[in-house]
Structures are given as structure tokens and as C-alpha cells.
Amino acid sequence: MSLRVLNPNAEVLNKSAALHMNINAAKGLQDVLKTNLGPKGTIKMLVGGSGDIKLTKDGNTLLKEMQIQNPTAIMIARTAVAQDDISGDGTTSTVLFIGELMKQSERYIDEGMHPRILVDGFEIAKRATLQFIEKFKTPVVMGSEPDKEILKMVARTTVRTKLHEALADQLTDIVVNAVLCIRKPEEAIDLFMVEIMHMRHKFDADTRLVEGLVLDHGSRHPDMKRRAENCYILTANVSLEYEKSEVNSGFFYSNAEQREAMVLAERRQVDERVRKIIELKNKVCSGNDNNFVVINQKGIDPPSLDLLARAGIIALRRAKRRNMERLVLACGGEAVNSVDDLTPDCLGWAGLVYEHVLGEEKYTFVENVKNPHSCTILIKGPNDHTIAQIKDAVRDGLRAVKNTIEDEAVILGAGAFEVAARQYLINEVKKTVQGRAQLGVEAFADALLVVPKTLAENAGLDTQDVIISLKGEHERGNVVGLNHHTGEPIDPQMEGIFDNYSVKRQIINSGPVITSQLLLVDEVIRAGRNMRKPT
């Protein structure tokens, strides 16, 4: 009432109304994303204002692209997107877990329980679950040669939730090999060294890993070769085009010879740089059938291109800066900023360089490199939304493999962790908690079951049957997950279903925090300066 005196235009939602608004928003967002979870999840079709279509079941893409109006739902969506930014996966699970925590809380609050007591129970349960996850995780020794099979299992589990099975299995090999290609011992993995290039061409099954680089432009001279083998690669950041002088000056000449001499003098600097490159080419390629490729970050003007073409050099100009870093890692050698001290040591090596023309687009492939530390995932697909879908899945797959290598641990998937954590909370933790906070622990434990429940629901199985059989197996001491084909309990370790440790940990961390904040809201006031209604 006091706020009404201060600002008669303020909109206020009081205690139970505010709480129910928050709970309904969380449940609403949960219902939207619920059907996307797991390999059997369905796909959402997003239609933009201009009619462009996006087909996706990636929670992160959905939350970013959907226009969400409700402030509570926006807050939950931001938490889930932050989850994706940190660990690369788990957006849908985060939203489901928060929604389920709110749903479980509603039961107790409607019976007259104070939200603060529930929140205290959540906090106890969260700490206990984080301790349990440390005991439950499966350590994986990475060392200098990581176990490729484990990495493939983790990547497969992630990618299969985004794409159909056959394509997911093909992409699994691609993302694992890509991360192992760029991995250097004793250094953090930089996923930017994996170039993701797409071509609207052929089918999604033609997506492949290029151990080398694909550049999205070609040479600019008609006489340059379109395909060359055994190539020396010069990675340069040198201007090979005529630059006007910064001094304003006039020249007077009285005959054609003087004009020619002046033109030659103007171009002498650029021609000198080109000549040094040609000298290096003659030095390393004489007496053998090797070729020479110049990839330059700055421009190369037509006269310079002509000189290089006559010398049998393939030249690409205006390459992207990030590709310059990748080229050096893929082909070896070093990037040069001056042509004064060129030596054969500056050069990289590629077994094959060729140009692929697709419509008006040109692509240059640099392949068969020795010991690459950078690579390209070449995504192919018949249309834009297929390519976008594969791109999202590849990004998540790369992050999953990177997380596994850094965590040196995995978690059993298929809902096994959630059921085991619930049993632990109910059978052991709840007994140690005094008073009504026990109910908070119980609500948290029941909320964890949202993952196996939703997996069963999306596979068209009976939820109650599945949960009862899973609980029964866990009571007998068997750690089992859900077989989404038959609904029977399975051993995830035997089936190779693993989740990322860091993703699960992050979900358990962030879910209760945001739920606690939303439950403790007892008044929603829309009375900001810019929110006043016009009088």
C-alpha cells in the first residue's frame, strides 16, 4: 500500500501472486524445452520475421532465438545460456531442473510452508550432491595419448541429442580427431584453431575433417595453377600493391621516356618485394618439381600478380588474420612481416593445394600437411538450416571432447547419475537434516528425477514404470540408466553413454541458486522511472 502512495501508477504483485507468477514462468519455459531433451527429443521450428526458418533442438539456440517476454523466464533463460557459454552444453537440462525445483516447491508452499525453509533444504541438498558427484564420477587418465574411445563415447552422447544417429556417429569421429589434432601437451586447448567452414553443396553425410585448412577465396589471376602438389607455403603479411606517397608533389616530364622512368621508379619498391619472393621460390624449387604458394594477409595488385604468375607461383591475397595463425600451425614455417630476410626456414609445407569453385564462390584447400596443429571441419549440406543444425552440433561436440580432456573425468549418462543422487539424498542426507529443512532436501531429490522422466516421456514410454524400475535397480546397488528404445534399465558404462562432469556440476550449482532467488521474491514491483504509464 505504501508504494501506491509514492507512485500511483506502479504495478504490484503481492506475496502469493508474485510467487505463482515466478513458478508459472519456470513451468512454462520447462514445458517448451521439455520435448527437446535426449536423442528421442523432437525438433522446434523457429520462423523469423522475414520468413527464414531454423530447425533446431539445441536448447541454447532456442533460448537465444525465441522472443521471451516474461522477466522471470528471461532470467532462467540467461542462466541456461551462461551454462552453455561456460561448459558448452546442458541448457535444456538446466531449464528443466529449475522448472522442476519450482514445481516441487509449489506443492509444499501451497500447504503453507515458508519458502525460506525450502531454500535452506535446497542449499544442504546442493552441497551434498556436489560431494556425491565427486565420488560418483569415473576418472579418465588422459596423459600424452588420450583414450580415443572414451572421448568418442562422450562426443557421441552429446551429438546424438542434436542430430539423427547416422550423422551423429560420423560427426563423432570428426570432432574427436579435430580436438586431438589441435591439442598440444602442457597447453590449454584453443578451439578457435579448428576452422568451421561450410559449403552449400551435396549432402550432410559429405561433411568431413580436413587436416589442413580451407580458405574461402581463391587466386586472382587466370594463369595461376588451380591444383598444385608438393607445395612450399609462404605465409606473409606484406603489402604487394602500389601505395601512393603521402607527400603531395607534382612531376613534369617532357617526353615518353621520362614518363616511363617515373612509372618504373614509382613501382620499384613493390617490384623489389615481389622479386625477393621469386628469388626464394627459385632457390627452393630449382631442380625439383615442387610448387610455391604465397598466402598474403594484405593486398597484391594486378602487376604483382602477373609477375608471380609468370614465375609459376600461386598467390592468394587478403587472407583473414585468424587463418594466418592457423596456416602456420597447420603447415609449419612462420608468418613473415617483411621480405628482407627470407630464408627456406620461413616456409611451411603442404602435399596438395587446390581450388574448388562452387557457383560464384571459390574455396582453396590446403591439405596433406605434416604434423598439423590446426584443422578445418568442412560442413556440407543442401540448405542453410541443415548446415546451421550441423554447425551447432559440431560446436557442442568439440566442447564436450575438450571438457573431458580437461576434467579427466566423466559421469555415467542416461539418467543414471540423477537416480543415484536421489537415492543418496533420500537414504543418507535426509536423515542427518534437522526439522522442516528435510522437506527441502526431499523436493530437491525429487526434482533431480526430471531428467530420466523426460527421457522416458520423449521416447514414448510410461514414466512411472520407468522410474520405479530404475529406483528398484539402484536400491539393489546397481547403477543403471534408461534404455530409451525398450524402457528397460541398462548399464551406461557398457553402452558407452557418458556425460560431461563439468556440465553436470554446473547444472547442480546454478539450478538451486536461481530457484532460491525466485522463491524468495514476495513482491514484484513494476515502478521504474521509464515504466510509468502516461497520465
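This is a predicted model: local features need pLDDT of at least 70, side-chain atom pairs count only at pLDDT 80 or more; totals for chains, interfaces and linings use all residues.
**Entry 1: largest pocket**

I began with the largest pocket, for which I noted a volume of about 830 Å³. Its lining comprises 41 residues, and P39, T157, T161, I497 and D499 are the closest to its centre. I then looked up which elements contribute at least two residues each, and found α5 (91–110), α7 (148–160), α15 (450–458), β17 (498–500) and α18 (501–519). Helix α7 gives the largest share, 6 residues. By class, I recorded 17 polar, 13 nonpolar and 11 charged residues in this lining.

**Entry 2: second largest pocket**

For the second largest pocket I noted a volume of about 590 Å³. It is lined by 25 residues, of which F192, I196, K391, R395 and R399 are the closest to the centre. At least two lining residues come from each of α3 (59–65), α4 (71–87), β5 (194–200), α11 (321–331) and α12 (384–407). The largest share, 6 residues, belongs to α12. I recorded 16 charged, 6 nonpolar and 3 polar residues here.

**Entry 3: cavities**

How many cavities of 30 Å³ or more does the structure hold? I found 2.

The largest cavity has a volume of about 90 Å³. I listed its lining as S93, F97, F417, E418, L448, V450, V451, K504, I507 and I508. The class count is 7 nonpolar, 1 polar and 2 charged.

I next turned to the second largest cavity, with a volume of about 50 Å³. Its lining consists of S219, K225, R226, I314, L316, V353, Y354, E355 and T364. Strands β10 (313–316) and β11 (348–358) each supply at least two residues, with the largest share, 3 residues, from β11. I counted this lining by class as 4 nonpolar, 2 polar and 3 charged residues.

**Entry 4: helices α13 and α16**

Helix α13 (residues 416–432) packs against α16 (residues 463–475) at an angle of about 65°, and the axes lie 10 Å apart. I recorded the crossing as right-handed. On the α13 side the contact involves A416, V419, A420, R422, Q423 and N427, which meet L470, K471, H474 and E475 of α16. By class, this contact has 4 nonpolar, 3 polar and 3 charged residues.

Terms used
Residues are numbered from 1 along each chain as its sequence is written. Side-chain values use heavy atoms; hydrogens and water are left out. Axes are lines fitted to C-alpha atoms, for helices over the stretch in contact, and angles run from 0 to 180 degrees between N-to-C directions. Helices (H or I, at least four residues) and strands (E, at least two) are DSSP runs, numbered from the N terminus. A crossing is left-handed if the near helix is turned anticlockwise from the far one by less than a right angle, and right-handed if clockwise. Contact means heavy atoms within 4.5 Å. Ala, Val, Leu, Ile, Met, Phe, Trp, Tyr, Cys and Pro count as nonpolar, Asp, Glu, Lys and Arg as charged, and the others, Gly among them, as polar. On a 1 Å grid over the protein atoms alone, a cavity is a set of points where a 1.4 Å probe fits but cannot get out, and a pocket is an open set with protein on both sides within 12 Å along at least five of seven lines; lining residues have an atom within 4 Å of a point. Grid points are joined across faces, edges and corners, and a volume is the space filled by probe spheres set on the points.
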